[in-house]
Amino acid sequence: MNPYILATLLFSLGLGTTITFASSHWLLAWMGLEMNTLAIIPLMAQHHHPRAVEAATKYFLTQAAAAAMLLFASTTNAWLTGQWEIQQLTHPLPLTMITMALALKIGLAPVHSWLPEVLQGLDLTTGLILSTWQKLAPFALLLQLHHSNPTILIALGLASTLIGGWGGLNQTQLRKILAYSSIAHLGWMMLVLQFAPSLTLLTLLMYLMLTFSTFVTFKLNNATTINALATSWAKTPVITMLTPLMLLSLGGLPPLTGFMPKWLILQELAKQDLAPTATLAALSALLSLYFYLRLSYAMTLTISPNNVTGLTPWRLPTSRLTLPLAASAAAATLLLPLTPATMALIML
């Protein structure tokens, strides 16, 4: 892609998210979401093969439906209450419609089916943008609505954690596994959104960091399937050693960083007398942990028939930038001891 066109599209992505962040009016928020959608579609379709075009088409239709529902709900709210401000959403009908529209935007269950199919058709770089940056603008709106609709948020959160765990069990494509991982993590954020918004932001930050590390690792390995991971030991032994730690951190296994948000969320749910909800969420985390363990097993405990017998085979040094991966991998595995400081910041 032409560098000037790429810079324009990335600028539009950032501008759309910033407009939604800064908006207090539903029309302005809708405009920012639409800019986000229209800017990422050329990035999705830049590789002219049928899967990419199919993924871009599915994404466009899904986001257009969600945006139309959001615009209709905000218009309904203005008709019923005379208010266009985001903070003045008080009527239950438009509130439920807007919550479902934003759930469709980010891929929460039960309106999640588009996310694994779209992510499977993209290259890893565009998939990283879709899994991280595109979640920010809808989350900014959900954070402003969290106090109004508790029941639907808990229902969406529980459904997402369960479906995100079940859906990834029988997958062999890494991008689909990461899509179901995204659904499960978003469910954890929804569960605690109404009780501790700062804890939701912490979980989102951890998810962005862990997902960035995982995508960059797979990109350096040129791996898109589980079988491709089995050959990574001969190509990048150090990264192969680090990747299981990052995957287990993504699954929330102590003593890694990913355990921190799950631990704090379960603690908060127990404080709110939601022990059954916390139990279901913890059990669904075991499902997610299974397919992360499966990936770790494929990378470290299997030997591909393509491997050369002997010591490290000859290979050219990589010319790719590895500093972002080094920083994010350290953060993805070593931050659990900072939990007391994090809790003190959340309490502020």
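**Exercise 1.** How do the axes of helix α2 and helix α6 cross, and within what distance do they come?

*Solution.* The coordinates belong to a predicted model.
Step 1. Two packed helices are described by the angle between their axes and the distance between the axes.
Step 2. For α2 (residues 26–44) and α6 (residues 124–131), the axes come within 10 Å and cross at roughly 160 degrees.
Step 3. Angles over 145 degrees count as roughly antiparallel; α2 and α6 are therefore roughly antiparallel to each other.
Step 4. The crossing of α2 and α6 is left-handed.
Step 5. On the α2 side the contact is made by I40, L43 and M44, and on the α6 side by T126, I129 and L130. By class, the residues of this contact are five nonpolar, one polar and no charged.

**Exercise 2.** Which residues is I129 in contact with, leaving aside its neighbours within four places in sequence?

*Solution.* 
Step 1. Locate the residue: I129 is found in helix α6.
Step 2. With those neighbours left aside, I129 is in contact with L10, L13, I40, L43 and Q134.
Step 3. Take L43 as an example. I129 and L43 are 86 residues apart in sequence, while their C-alpha atoms are 9.7 Å apart in space.

**Exercise 3.** Characterise the crossing of helices α10 and α16, and classify the residues in their contact.

*Solution.* 
Step 1. The axes of α10 (residues 197–221) and α16 (residues 323–334) come within 9 Å and cross at roughly 135 degrees.
Step 2. α10 and α16 are therefore oblique to each other.
Step 3. α10 and α16 cross in a left-handed sense.
Step 4. From α10, the residues M209, L210, F212, S213, V216, T217 and L220 meet P324, L325, S328, A329, A331 and A332 of α16. This contact of α10 with α16 has ten nonpolar, three polar and no charged residues.

**Exercise 4.** How many aromatic pairs does the structure hold, and what is the geometry of the pair formed by F259 and W263?

*Solution.* 
Step 1. The structure holds three aromatic pairs.
Step 2. One of them is formed by F259 and W263, with 5.6 Å centre to centre and 15 degrees between the planes.
Step 3. Planes under 30 degrees apart count as stacked, and the pair of F259 and W263 is stacked.
Step 4. F259 and W263 are four residues apart in helix α14 (residues 259–271), so about one helical turn separates them.

**Exercise 5.** What are the helix content and the end C-alpha separation over residues 274–293 and 325–347?

*Solution.* 
Step 1. An unreviewed UniProt entry lists several stretches as "transmembrane region", including residues 274–293 and 325–347.
Step 2. Residues 274–293 are 95% helix and 0% strand, with end C-alpha atoms 29 Å apart.
Step 3. Residues 325–347 are 83% helix and 0% strand, with end C-alpha atoms 31 Å apart.

Terms used. Residues numbered from 1 in each chain as written. Predicted model: local features only at pLDDT ≥ 70, side-chain atom pairs only at ≥ 80, totals over all residues. Heavy atoms only, no water. UniProt positions renumbered as here; feature names shortened; annotations may be inferred. Helix = DSSP H or I, 4+ residues; strand = E, 2+ residues; numbered from the N terminus. Axes fitted to C-alpha atoms, helices over the stretch in contact; angles between N-to-C directions. Parallel < 35°, antiparallel > 145°, perpendicular 65-115°, else oblique. Left-handed = near helix turned anticlockwise from the far one by under 90°. Contact = heavy atoms within 4.5 Å. Nonpolar A, V, L, I, M, F, W, Y, C, P; charged D, E, K, R; others polar. Phe/Tyr/Trp six-rings, centres within 6.5 Å; stacked < 30°, edge-to-face > 60°.
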